[in-house]
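Biologist: I have the model open and would like to start from a single part. Please take me to the cross-link, then walk me through the rest.

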Amino acid sequence: MANPIMGRSSNQSSRPEEPKKVNMTSLTARRFAAWTVEITLFIASGLVPYAVGAYIDSRSDIQRVPLNPILVVTEKAIARPLALPVNYGIRNVAWPTNILWTLAVLLPTTLSWWQLYLLAKTGSTIPKRWFGVQVVNAEGKAPGISAIMVREGLGRWTVPVSAAYLLWRYSFIFPNLPLFTSLTMLMILAEAKGWPGQKHPRSFHDQLAGTYTRDATSTFSQPEEQSKIHEDNVDIDSSPSQKPISRFSQRSNSNFSLFLVGLTSMIAVLSTLIGTQIYIQTQESQRRSEQTNSQKFVELIKALNPNNGVTNEERQKTVLALGSINDTQSIKLLVDLLVKETDPQTLDTIQQALTNTGLKAIPELKRVNQFLAGEIESMGKSSNWEFRQNQLILTQRVINKILAIYGGKINNIDLSNAQLGSQVSGGNSSFKLVLNNIDLSGIVLKSANLNQGNFQGSRFRSVGEDGRWDTYDDTMADLSNAQLKQTNFTEANLSRILMNQSDLSRANLNKANLSYTRLFSANLSSAQLVGADLRNALLENSSLTNADISDANLTEANLYAAHLVRVSAVGTQLAYANLTKTDWQGADLSEAYLNYANLSDANLSATRLTGASLQSANLENANLRNADLSRADLRGANVAGADFQGAILFTGKQESDKFVETPDLGSQNASVQGVDFSKAKNLDPQQLALICTKGGLHSRCP
């Protein structure tokens, strides 16, 4: 007997239809709830270890190790498509953070595969079991691995996320990540509802994989009911157990899959044929061009032969002609002539020819430059030293001219280990690199000598193809391990670039943009950083001894274990900065803004903190011996374990050693109201008197 609820042919009133609608709504709600739990578990499995790792990395002082290279690769892979800034290079993190962040990558991946395996073998993930939802194939059985990979990998995620990404990437909302997330969720929900024009809507991923979602708590339908698919109300929640499937629907799914496979194959074949043809034509054009250039090169070589009786003027014309040939042989010949020629006019012509050649001459010039620098270093002050020095200067000048002319087009130009600065102590070289107001973004200057160079107002970072800052394709230079002594970087843009272990001693970085720049273990001794932007900069283990960072902005900067002895930091912004284990001995931090900064285990002995704001700062176990804290604001600070021996909390003398009311010292006192000094060390009676009378907390206060 036919089911009276499912059959439309029965003469039933509208009342029996109501339970069916309630069941459908219930199953839809349970499906959504199960999916929400699955996503929540996936996100939580990665977010929880990541958040704990980030907390440990920012708040603790445990041993630090290089970030796992797998995490670096993962970070770049995620940042690129989402237009996020990439943290280039291997940075140091606390060792538990390394483990936790690795788990943040592995746990979601493992959980996803385990859930997919359960779905393929049983038809239900753990959340689907909780809510009584099951996925089956046309025969009412578990779908299997292949069907689930198509259903989840292609239908549920790849298609909707790809559509959302393309709309986001090529629209005005790029690179707004929250809007991309919202658009992705809308696409996923739209995909789950199926095609709007369908009489009986069914989710796209179920149609693609030939699967059905059913109520796991219901009983299987009778075999004779399998013929009634067109008479049943089949929708997104239909299944063979509740609503039978016809052979026509199976053939439709099969034909649709075959159509997709055929279309994909045809596109692949056409793309391969077109790509192959383009490649062949390109190679042929290149071969013909090289052959023509080689013939010209041979003819010009003959004209340079001294035995041919050519004049200097003719030789100069030949040299200029060599510079116009787009050929590696001509570039190599011109560079060789540069270090061999003695005639001043011909030398000027060679330099002009190489400059006309442009950036293609850089590799060959760099090779000769490094060779000459090595020769000079090994020979000392010999008779041939001055000759080699002059040859080196010639290569430096040509490189300088090329970079100045082709600024903005030098991405990935490698000048690592190049000798472009003063090589002798005292800077007696007659050459000074001058590249003011030039776009040098993307240049690679690892371990290069740029001592006494001039880069005032130059840009070492620029926007990429998307024309927006702080996205994955920003072009950035690399100055790691570079020699930059006495270099002028005034108002230069060095944001986000690598300067790890570089020597910037006595460099001028006034008003330079160094936000997010990586200066790990860099030497900034006696450097000028007045008004510089160092927000979120990494200065871990760096040396800033005797440097001037007055009025600089180091908000949220990481200066873990940095050396700041006798530094001038008047009015410097250091809010939320990580200053754990920093050495500030003898520094001037007058009027500095240190709210919420982490100064645990910091050495602040003999520092001047007059008028400094230390609200809610962490001064746990800090050394404040003989520090001047008059007018400093310590409200909300953690001073547990801090050593206050000889520290000045007020100006003037307080003669009483008893806890009695003292004369009002006004604004010259440190603000200590509500600060708990119970665990502070070496507080003398005068300090305790001030603490107790000004609202501070201590067990010895009356």
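How many disulfides does the structure hold?

Modeller: The structure holds one disulfide, a term for a pair of cysteine sulfur atoms within 2.5 Å. This is a predicted model, in which local features need pLDDT of at least 70 and side-chain atom pairs count only at pLDDT 80 or more, while totals for chains, interfaces and linings use all residues. Residues are numbered from 1 along each chain as its sequence is written, and side-chain values use heavy atoms, with hydrogens and water left out.

The partners are cysteine 692 and cysteine 701, with sulfur atoms 1.9 Å apart. The angle about the S-S bond is -85 degrees, and the link is left-handed. Cysteine 692 and cysteine 701 are both buried. Buried means under 20% relative accessible area, exposed means over 50%, and partly exposed lies in between (1.4 Å probe, protein chains only).

Now step back to the whole protein. It has 14 helices and six strands. These are DSSP runs, numbered from the N terminus: helices are H or I with at least four residues, strands are E with at least two. Of the 702 residues, 48% are buried. A contact means heavy atoms within 4.5 Å. Take the contacts between residues at least 6 apart in sequence: 45% of these join residues at least 24 apart.

How far can you trust it? The mean pLDDT is 81, and 80% of the residues reach 70 or more. pLDDT is the predictor's confidence in each residue, from 0 to 100. Over residues 1–24 it is below 50, and this stretch has 17 contacts beyond near neighbours in sequence. Residues 220–246 are also below 50, with 80 such contacts in the model. Where pLDDT is low, the predicted coordinates should not be read in detail.

Next, the inside. A nonpolar core is a set of buried Ala, Val, Leu, Ile, Met, Phe, Trp, Tyr and Cys residues joined through side-chain atoms within 4.5 Å. The largest one has 118 residues, and Leu494, Trp584, Leu594 and Phe644 touch the most other members. Helices H9 (312–323), H10, H11, H12, H13 and H14 each supply at least two residues of this core. H13 gives the largest share, eight residues. Leucine 494 is in contact with residues including Phe460, Leu479, Met499 and Thr517, leaving aside neighbours within four places in sequence. Apart from this core lies another, of eight residues, among them Ile173, Phe180, Leu183 and Tyr472.

Helix H12 is worth a look. It runs over residues 362–379, has 18 residues and reaches 26 Å from its first C-alpha to its last. That is close to the 26 Å expected at 1.5 Å a residue; the expected span is 1.5 Å times one less than the number of residues. Its buried residues include Ile362, Leu365, Val368, Leu372 and Ile376. An α-helix has 3.6 residues a turn, so residues three or four places apart point the same way. The cover over the buried residues of H12 includes helix H10 (328–338), helix H11 (344–357) and helix H13 (385–405).

Then there is the loop between strand E6 (475–476) and helix H14 (685–693), which holds threonine 580. Threonine 580 counts as buried because its relative accessibility is 0%. Its side chain joins that of asparagine 578 in a polar contact of 2.8 Å. A polar contact is a pair of N or O atoms within 3.5 Å; within protein, one must be able to donate a hydrogen and the other to accept it, and residues adjacent in sequence count only if both atoms are side-chain atoms.

Serine 543 sits in the loop between E6 and H14 too. At 17% relative accessibility, serine 543 counts as buried. Its side chain makes a polar contact of 3.2 Å with the side chain of serine 525. Among the residues that serine 543 touches, not counting those up to four places away in sequence, are Ala522, Leu524 and His563.

The loop between E6 and H14 also holds arginine 506 and asparagine 626. Arginine 506 has a positive phi of about 60 degrees although it is not a glycine. Asparagine 626 has a positive phi of about 60 degrees, and it is not a glycine either. Arginine 506 is exposed at 51% relative accessibility; asparagine 626 is exposed at 52%.

Finish with asparagine 176, in the loop between helix H5 (145–169) and helix H6 (177–193). It is partly exposed, because its relative accessibility is 34%. Asparagine 176 and alanine 83 are 93 residues apart along the chain, and their C-alpha atoms are separated by 8.9 Å.
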